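Reader: I would like to go through this model with you, starting with the backbone and then moving to the ligand and the rings. Could you show it first?

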Amino acid sequence: MIPVFRPVIGEKESEYVNDCLKENWISHDGKFNKIFEREFPKFCGAKYGIGVTNGTSALHLALRALKIGKGDEVIVPDFTMASCGFAVSYCGAKPVFVDSERETWNIDVNKIEEKISDKTKAIMIVHIFGHPCEMDEVLALSGKYSLKVIEDCAEAHGAVYKGRKVGSFGDVAAFSFYANKVITTGEGGMLITNNEMIAERARWLHSLAFDKERRYVHKEIGYNFRMTNLQAAIGLAQLERIDVIIEKKRRIARTYSSCLAGIEGITLPSEKPYVRNIYWMYGIIVEKDFGMSRDLLKSELFTEGIDSRFFFTPLHSQPCFSQYNYDKKDFPVSIELSQKGFYLPSGIDLTDEQIGFICSKIKEIKKRYQ
Ligand SMILES: *Cc1c(COP(=O)(O)O)cnc(C)c1O
């Protein structure tokens with residue numbers, strides 16, 4: 001079976017983890033925490049970084065750092081990981097979902113304004129599958145309505161929008177280092193920001209909000225979102241190779257796109273001329289004229305030993321958000337993507353031969369069903 005993804009762990013990771021074990025520093029606030037929290041934001045073009053337990057907690061912490069709470073609304077793309085809607089809900093605020101655009105699958109910036117109310121406090125955007133959002137338009141709206149901007153960069157480490165890396169545009173950004181993300185720490189995440197006050201507040205909240213003067217006094221509800229030195233050790237080793245990893249991801253996408261180009265009924269992932277897509281996962285859309293459904297294509301590929309994953313299920317349709325009664329008429333694109341999209345094996349250990357094999361199987365299966 002060709003898996004959708006497999007993390008690639010090198011010698012450096014073992015070396016650094018062994019260093020933690022030898023030094024007997026396996027918990028928080030170790031040597032690797034400090035280096036990783038300095039180097040990762042630097043790679044993104046931001047000043048401050050706070051390592052956390054995962055990407056979901058990074059989003060949650062970001063919202064708390066911005067003082068989003070009960071009665072507030074936050075704009076969230078409809079087509080994304082549930083974590084985005086969850087994080088808003090953890091704060092007692094309401095996620096207000098916005099449809100996607102067909103080309104990049106990102107939030108449709110032209111549909112944001114109509115969803116802004118006097119309760120809206122922030123816009124959370126997600127650089128889906130590694131393609132940056134239209135940040136100019138998002139920042140213009142945030143300026144016009146005085147809204148905070150949270151970037152969910154869980155799928156977009158190192159992606160570039162108009163010459164600048166994602167994660168440095170908003171007030172705060174959240175990254176994930178889950179096993180299938182661009183770099184991994186097993187489980188882990190990071191909040192990054194250029195704002196010193198936000199960084200300080202996030203650092204305070206992420207470690208139980210101990211009072212600076214009187215340690216066991218807590219003025220707000222804090223969290224234990226601390227990243228361990230062991231996680232940071234793996235993360236640092238991965239970060240040292242991130243440019244190579246991103247180049248490999250882009251190369252995989254180029255190989256797929258040239259193999260799949262010209263097959264009728266398949267829409268390939270896009271890359272706007274002013275961005276660098278890092279193609280976290282190589283997603284395709286199975287259109288009506290392909291001749292068979294996406295679900296059937298996926299199961300036929302599975303029979304041939306090729307694993308893949310469906311796109312997200314739209315957040316407006318999730319049972320856990322049913323109390324809000326979102327109107328499905330507002331989300332035609334996100335619904336369509338969820339029905340027609342899926343992603344192919346995208347691990348950086350994937351060979352050109354395997355990509356060739358996967359593409360030839362897609363062509364073969366299509367023929368079989370004509
Ligand atoms: C992976 C992911 C998350 C959550 O990260 P975890 O580390 O799994 O909690 C959030 N948002 C997006 C867009 C993701 O892809």
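Reader: Is Asp29 buried, partly exposed or exposed?
Author: This is a predicted model, and in it Asp29 has a relative accessibility of 44%. Buried means under 20% and exposed over 50%, with partly exposed in between, so Asp29 counts as partly exposed.

Reader: Where is Asp29 found?
Author: Asp29 belongs to the loop between α1 (11–23) and α2. Its phi is positive, near 65 degrees, although the residue is not glycine.

Reader: What is found at the start of α3?
Author: There, a side-chain oxygen of Asn54 comes to within 3.1 Å of the backbone nitrogen of Thr56.

Reader: What are the distances to the oxygen atoms of the ligand for Glu155 and Lys181?
Author: For Glu155, a polar side-chain atom lies 2.6 Å from an oxygen atom of the ligand. For Lys181, an N or O atom in the side chain is 2.9 Å from a ligand oxygen. Gly55 takes part through its backbone, with a polar atom 2.7 Å from an oxygen atom of the ligand.

Reader: How much of the ligand does the protein bury?
Author: The protein buries 92% of the 380 Å² that the ligand exposes when taken alone.

Reader: Now the rings, please. How many aromatic pairs are there in the whole structure?
Author: A search of the whole structure finds 26 aromatic pairs. In one of them, the rings of Phe36 and Phe177 have centres 5.2 Å apart and planes at 50 degrees, so the pair is tilted.

Reader: Which parts does the pair of Phe36 and Phe177 tie together?
Author: Phe36 lies in helix α2 (residues 31–44), whereas Phe177 is in the loop between β8 (172–176) and β9 (189–193), so the pair ties together parts that are 141 residues apart in sequence. Phe36 is buried at a relative accessible area of 0%, and Phe177 is buried at 0% relative accessibility.

Reader: What about Tyr324 and Tyr326?
Author: They form a tilted pair, 5.6 Å centre to centre with 45 degrees between the planes. Tyr324 is partly exposed at 24% relative accessibility, while Tyr326 counts as buried at 18%.

Reader: Which residues form an aromatic cluster?
Author: Phe79, Trp105, Phe129, Trp280, Phe311, Phe312 and Tyr343 form one cluster.

Reader: Lastly, which rings have the charged ends of Arg164 and Lys165 over them?
Author: The charged end of Arg164 sits over the ring of Phe169, 4.2 Å from its centre. That of Lys165 sits over the ring of Phe43, 4.1 Å from the ring centre.

Note on methods: Residues numbered from 1 in each chain as written. Predicted model: local features only at pLDDT ≥ 70, side-chain atom pairs only at ≥ 80, totals over all residues. Heavy atoms only, no water. Polar contact = N/O pair within 3.5 Å; in protein donor to acceptor, adjacent residues only side chain to side chain. Areas by Shrake-Rupley, 256 points an atom, 1.4 Å probe, with all protein chains shown as cover. Phe/Tyr/Trp six-rings, centres within 6.5 Å; stacked < 30°, edge-to-face > 60°. Helix = DSSP H or I, 4+ residues; strand = E, 2+ residues; numbered from the N terminus. Buried < 20%, exposed > 50% of the residue type's maximum accessible area, 1.4 Å probe, protein only. Lys NZ or Arg CZ within 6 Å of the ring centre and 35° of its normal.
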